[in-house]
Amino acid sequence: MGTVVETPVKEADATVTVKKPTVVFVLGKHFVLALSSVFVVILSGGPGSGKGTQCANIVEHFGYTHLSAGDLLRAEIKSGSENGTMIQNMIKEGKIVPSEVTIKLLQKAMEESGNDKFLIDGFPRNEENRAAFEAVTKIEPEFVLFFDCSEEEMERRILNRNQGREDDNVETIRKRFKVFLESSLPVVQYYEAKGKVRKIDAAKPVAEVFDAVKAVFTPKDEKAAA
Ligand SMILES: Nc1ncnc2c1ncn2[C@@H]1O[C@H](COP(=O)(O)OP(=O)(O)O)[C@@H](O)[C@H]1O
Ligand SMILES: Nc1ccn([C@H]2C[C@H](O)[C@@H](COP(=O)(O)OP(=O)(O)O)O2)c(=O)n1
């Protein structure tokens, strides 16, 4: 369901933060934003666990818009934005970019999509990402799809990925694994405690992983009728 929040925002910013079907009331100096109901699924898993690969399948079969935090950050570097160099340096070190930067990119992409169903891939990456996203957008994910895969397999895949990414080298990969264990897994545990995690064995071949993914996305009544 949508959430109603009263947020003091500067008038000049109002059009940036409002999504299409949203109603905006102006009360004195405050805008009351009725945030439209959006359906958000988070994809979490170590680097190379196959999140991006499965997102392409989910988009095709279930009509979601795929938002990859990493892709948005890489596009921001390419665009020559003022944050570009900072983002590039952090990614090279396998570090997590400050939440406000990533959240702005995600919000903009959501607003521009015209869709109301999103796969957010690679975000939130730490507790700060999660808390800031929920505080700013008031969006609670429906569930978290967690890609479970060994580091050995993930490293093998990344080294074969061959996309010319600056962070796909052994040294940075190891740093990313460490950040994943120390910062990203606690976020998965947070959602686990809320009963929102759907764990997938991501070490299997792509088609088998997608069978498991499909089972999570297919409504129970459709499964019963099949
Ligand atoms: N189930 C799988 N089995 C083998 N290779 C895979 C599988 N899923 C993805 N890959 C390959 O592994 C690499 C990393 O996958 P990717 O989807 O980019 O991972 P992530 O988005 O989690 O970093 C890619 O080259 C991809 O083609
Ligand atoms: N929420 C996020 C997502 C990615 N990043 C940065 C840090 C990550 O190491 C890189 C690459 O992330 P991406 O999700 O594209 O790739 P992997 O799943 O790690 O293979 O981007 C970030 O700082 N904050």
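Where is the place of Asn162? Asn162 lies in the loop between α7 (151-161) and α8.

## Basis of the report

This is a predicted model, in which local features need pLDDT of at least 70, side-chain atom pairs count only at pLDDT 80 or more, and totals for chains, interfaces and linings use all residues. Residues are numbered from 1 along each chain as its sequence is written, while chains are lettered from A and ligands numbered from 1 in the order in which they are written.

## Overall composition

The protein chain has 10 helices and 8 strands. These elements are DSSP runs numbered from the N terminus, with helices (H or I) of at least four residues and strands (E) of at least two.

Of the 226 residues in the protein chain, 28% are buried. A residue is buried if 20 or more other C-beta atoms lie within 10 Å of its own, exposed if 12 or fewer, and partly exposed in between, with C-beta atoms placed from the backbone. Among contacts between residues at least 6 apart in sequence, 77% join residues at least 24 apart; two residues are in contact if their C-beta atoms, placed from the backbone, lie within 7 Å.

Helix α6 covers residues 127-137, and its buried residues are Asn129, Arg130 and Phe133. Seen down the axis of α6, these buried residues fall within an arc of 95°, so they line one face of the helix. The arc is that of the directions from the helix axis to the C-beta atoms. The cover over the buried residues of α6 includes α5 (99-113) and α8 (170-193).

The loop between β6 (117-121) and α6 contains Pro124. A cis peptide bond, with omega about -5°, joins Phe123 and Pro124.

## Residues with positive phi

Lys138 is a residue other than glycine with a positive phi, near 65°. Lys138 is partly exposed, with 14 other C-beta atoms within 10 Å.

Asn162, also not a glycine, has a positive phi near 60°. With 8 C-beta neighbours inside 10 Å, Asn162 counts as exposed.

## Packing of α2 with α9

Two packed helices are described by the angle between their axes and the distance between the axes. The axes of α2 (residues 51-62) and α9 (residues 206-217) come within 10 Å and cross at roughly 50°. That makes α2 oblique to α9. Axes are lines fitted to C-alpha atoms, for helices over the stretch in contact, and angles run from 0 to 180 degrees between N-to-C directions. Angles under 35 degrees count as roughly parallel, over 145 as roughly antiparallel, 65 to 115 as roughly perpendicular and the rest as oblique.

Thr53, Gln54, Asn57, Ile58, His61 and Phe62 of α2 make the contact with Val206, Val209, Phe210, Val213, Lys214 and Phe217 of α9. These residues divide into 7 nonpolar, 4 polar and 1 charged. Ala, Val, Leu, Ile, Met, Phe, Trp, Tyr, Cys and Pro count as nonpolar, Asp, Glu, Lys and Arg as charged, and the others, Gly among them, as polar.

## Packing of α3 with α5

Helix α3 (residues 69-78) and α5 have axes that come within 10 Å and cross at roughly 100°. The two helices are therefore roughly perpendicular to each other.

In this contact, Ala69, Leu72, Leu73 and Glu76 of α3 meet Thr102, Leu105, Leu106 and Ala109 of α5. The contact residues divide into 6 nonpolar, 1 polar and 1 charged.
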